[in-house]
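Try each task before reading its solution.

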Amino acid sequence: MLSQPFEKPVRVWVGLGFPRQLNSVVDAYQFVVDWCGNSPEQRAVIRACKAALAGEIDAETARGILVQFARKKDILVEDGMIPSIRNTEKPLRV
């Protein structure tokens, strides 16, 4: 029951618009189990994660189902959606 990391992490919006990065099947499983609701898509991700953890499917298959769930729920962070944060303020002098 080893959780292989995803080839590319999946980032989702949580809370008040904060991104969360899901790096592995275990991360995805924990996230989706904690998700409020009981939709068919949510149940599909849970089944896929359990199957990946049991070695019945590969991690990338579970990742694809997770991405579809996140896209349908409008919480998928698409590439380029999060601007880089840079400190543009002058340092404080003490």
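**Exercise 1. Find the hairpin in this predicted model, and say which residue in its turn has a positive phi.**

Solution. Start with the two strands: β1 and β2 form a hairpin, and 3 residues lie between them. Next, look into the turn, where G15 has a positive phi of about 55°. Now check the pairing. Strand β1 covers residues 5–14 and strand β2 covers residues 18–24; they run antiparallel and are joined by 6 bridges.

**Exercise 2. Work out how α1 and α2 are oriented to each other.**

Solution. Two packed helices are described by the angle and the distance between their axes. Take helix α1 (residues 25–34) and helix α2 (residues 40–53): their axes come within 9 Å and cross at roughly 150°. Angles over 145 degrees count as roughly antiparallel, and α1 and α2 are therefore roughly antiparallel to each other. The crossing is left-handed. On the α1 side, the contact is made by V25, V26, A28, Y29, V32 and V33. From α2 come Q42, V45, I46, C49, K50, A52 and L53. Sorted by type, the residues of this contact are 11 nonpolar, 1 polar and 1 charged.

**Exercise 3. Describe the pattern that the protein follows along the sequence.**

Solution. Count the elements first: the protein has 3 helices and 2 strands. Then read them in order, which gives β-β-α-α-α. Among contacts with a separation of 6 or more, 47% are between residues 24 or more positions apart.

Conventions:
Residues are numbered from 1 along each chain as its sequence is written. This is a predicted model: local features need pLDDT of at least 70, side-chain atom pairs count only at pLDDT 80 or more; totals for chains, interfaces and linings use all residues. Side-chain values use heavy atoms; hydrogens and water are left out. Two strands pair if DSSP finds at least two bridges between them. Helices (H or I, at least four residues) and strands (E, at least two) are DSSP runs, numbered from the N terminus. Axes are lines fitted to C-alpha atoms, for helices over the stretch in contact, and angles run from 0 to 180 degrees between N-to-C directions. Angles under 35 degrees count as roughly parallel, over 145 as roughly antiparallel, 65 to 115 as roughly perpendicular and the rest as oblique. A crossing is left-handed if the near helix is turned anticlockwise from the far one by less than a right angle, and right-handed if clockwise. Contact means heavy atoms within 4.5 Å. Ala, Val, Leu, Ile, Met, Phe, Trp, Tyr, Cys and Pro count as nonpolar, Asp, Glu, Lys and Arg as charged, and the others, Gly among them, as polar.
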